[in-house]
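Look at the fold below before reading on.

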Amino acid sequence: MSNYSILHLSTHAASGDTETPASIKFYDQEILYSELYNLDINSNLVVLSACETGIGKLYKSEGAMSIARGFQFAGAQNLLFSLWKVNDYTTSVFMDYFYKNIKNGESYFEANNKAKLDFLKT
C-alpha cells in the first residue's frame, strides 16, 4: 500500500456498537479499526468507499474509534470517508466525478465539493 499515492477501498464496513468495534470487511477477512494502527500507509489519499467508515464508538477526550481513525493513525495524509450508509451505484457515480476533478488538477477538498454539486445536478 505504501507504493501508491491514492488508496481506494470499495468494500463493506461496520461502525460497531457498544460491544463490537468498527471494522472493515474484505472477501476473506475482517479487520478491526485498531488493527490498522500498525500498518505503514504513506498514501497521500485514502478513499474509504464503504458504509459509515467515519463513525465509531465515542470515547471521552478521544473521539470516534472508526475505520477512518485507524487509517489516519497508520499514516494516511488525507481521508475521504462516509458518515452514513452508502449505495454502491450512486457511490460509483460520485467517485467518477471526484476522480475527474482530481485529474483536472483540483485539490482533494475542491474535487469532493465539486463532485457533490455535480452529483446533485444530475
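**From a loop to the cores**

Thr11 is in contact with Ile24, Lys25, Phe26, Ser49 and Ala50, leaving aside its neighbours within four places in sequence; contact means heavy atoms within 4.5 Å. Thr11 sits in the loop between β1 and β2 (12–14). Helices (H or I, at least four residues) and strands (E, at least two) are DSSP runs, numbered from the N terminus. Thr11 counts as buried because its relative accessibility is 19%. Buried means under 20% relative accessible area, exposed over 50%, and partly exposed in between (1.4 Å probe, protein chains only).

This is a predicted model: local features need pLDDT of at least 70, side-chain atom pairs count only at pLDDT 80 or more, and totals for chains, interfaces and linings use all residues. Residues are numbered from 1 along each chain as its sequence is written, and side-chain values use heavy atoms, with hydrogens and water left out.

Now step back to β1. Leu7 and Leu9 form its covered face. Ile6, His8 and Ser10 lie on the uncovered one. β1 and β5 run parallel, joined by 5 bridges; strands pair if DSSP finds at least two bridges between them. Leu7 has Val46 of β5 as its bridge partner.

Next, the cores. A nonpolar core is a set of buried Ala, Val, Leu, Ile, Met, Phe, Trp, Tyr and Cys residues joined through side-chain atoms within 4.5 Å. The largest has 18 residues, and Leu9, Ile24, Val46, Leu48, Ile67 and Phe71 have the most contacts inside it. β1, β5 and α1 (67–73) each supply at least two residues of this core. Its largest share, 3 residues, comes from α1. Phe71 touches Leu7, Leu9, Leu36, Ile41, Val46, Leu48, Ala76 and Leu79, not counting residues up to four places away in sequence. A second, separate core of 10 residues includes Val47, Met95, Ile102 and Ala111.

Finally, the helix ends. Asn87 caps the N-terminal end of α2, with a side-chain oxygen 2.9 Å from the backbone nitrogen of Tyr89. Gly105 follows α2, and its phi is positive, near 90 degrees.

Notes: Polar contact = N/O pair within 3.5 Å; in protein donor to acceptor, adjacent residues only side chain to side chain.
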